[in-house]
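The sequence and the model are shown first, and the description follows.

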Amino acid sequence: MKRERQYRGTGVGGGLNKLRVAPYLQILAGLAIIAGTVWLLYRFVYPLSCNLAQGISPFATPTPIGATPSPSPSPSPTPDPAKDHPLYTADLTAVQHEIVVPEFQYIGDPVVYKGKIWFVAGNYATDGMASFTRLAVFDPSDDSHTFLTLPKQYKSIRFPAVNDRWIVYLDATASGGGRIVAYDRSTAQATVLKTVHVGMPKPVLIGNVAVWLERTGQSRDKLFACDLVTLESVALELYDNSEYALSDPCSDGETLYYVAPDGRLTAWKLETNEKRVIETGTYVHDPKCSGKYLAYLSGNHGEDCDLMLVTEDGVKTVASGVIDFWIGDTFLAFNRYERNYVFFPEDGTTFCTTRRDELAMLLGAGEKYLIWMDVTWRDKDISEYMVIE
């Protein structure tokens, strides 16, 4: 009788696999593996990816155990430099004052010298045009004024330049031209420096030297200098059909600044004959200066002009759309869209000095004074001033 072959198990597939709960144990083991993987990802991989996203090096030194991390400093507010100026809280109606000269209807060409405002004053002539006939000296400390009678052959006294000894001005006809006259304050004597045939040159003073830019031909202009003691004259520059001859020179009392025929801003110390070029990289028109600041316009007085300030680091744009400007001891004053502004180069702050609902035309500035005309009402001339500190 044949015996059936029997096979014995080797143990493989035995043990837990023979238990009825084996499938459940396998499910639990799988869940444990999944949970461990998730924990590893959360504990190590996720923080690393966050650090990389924030630009933090994965090799940065961690804070030692037991050490107290230093808190990040809380940001402090940046102080507003404008608050340091009296203009920040000033009542413009209280600090602005009218220049009243009852003897005359209007004033013009103001210049500030040693705390006083010098300007020409006049009335309307029979032809309906302005005629400036006197030079007035206005004292803002008490709002008083006095007059100087300067020799005048033609219609108006224009563009006075003043220092301790001299007053140089243009004795102008109504249509342009006239005489450039030097008045010696110590002797009360006047001397005609030159006859002007066309245009209205604006003289500047450098000690005993007067300088002006004058049209001398159909397309030629010359920059003249005249020694007021010896009356010797010389042409410093010749402009031949040059647009830069439209730019007026200026002086800080020691150095002459002007736009040369090649368009470059030039500084010339006449006493020592030191001459240098100031590179600007822009068009230069009508430079103005004080003992501290030098500035100019990037165009010929239009709404496309920028006011440019020359600094040690180069040229800086102060404002755009500037029609005209002047310089005081601590500020630049400029006019745009019939409103006056003052800019303080020391901290870069700007204030509007024209009162709400008013319009202004800038007349001049110097030392600590700003002078303008209120043109809100066109039926009369109102000239005003204020102290800028």
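## Pocket, core and hairpin

In this predicted model, the largest pocket has a volume of about 1,400 Å³. Its lining is made up of 47 residues, and those nearest the pocket centre are Pro110, Val111, Ser251, Trp326 and Ala365. Strands that give two or more residues to this lining include strand 2 (106–113), strand 6 (156–162) and strand 26. Strand 2 provides the largest share, seven residues. The lining residues divide by class as follows.

| Class of lining residue | Number in the largest pocket |
|---|---|
| Nonpolar | 26 residues |
| Polar | eleven residues |

Strand 26, one of the contributors to the pocket lining, spans residues 360–366; six of its seven residues are buried, so the strand is largely enclosed by the rest of the structure. Strand 26 runs antiparallel to strand 27 (residues 369–374), and six bridges join the two. Within this pairing, glycine 364 has isoleucine 371 of strand 27 as its bridge partner. The two strands form a hairpin with two residues between them, and in the turn glutamate 367 has a positive phi of about 50 degrees.

The largest nonpolar core contains 26 residues, and Val211, Leu223, Tyr239, Leu256, Tyr257 and Tyr258 have the most contacts inside it. Elements that give two or more residues to this core include strand 10 (204–206), strand 13 (233–240) and strand 15 (256–259). Strand 15 supplies the largest share, four residues. Leaving aside residues up to four places away in sequence, tyrosine 239 touches several residues, among them Leu213, Leu223, Tyr244, Tyr258 and Pro261.

Methods:
Residues numbered from 1 in each chain as written. Predicted model: local features only at pLDDT ≥ 70, side-chain atom pairs only at ≥ 80, totals over all residues. Heavy atoms only, no water. Buried < 20%, exposed > 50% of the residue type's maximum accessible area, 1.4 Å probe, protein only. Pairing = 2+ DSSP bridges. Core = buried A, V, L, I, M, F, W, Y, C linked by side-chain atoms within 4.5 Å. Contact = heavy atoms within 4.5 Å. 1 Å grid on protein atoms, 1.4 Å probe; cavity = no way out; pocket = protein on both sides within 12 Å on 5 of 7 lines; lining within 4 Å. Points joined across faces, edges and corners; volume = space filled by probe spheres on them. Nonpolar A, V, L, I, M, F, W, Y, C, P; charged D, E, K, R; others polar.
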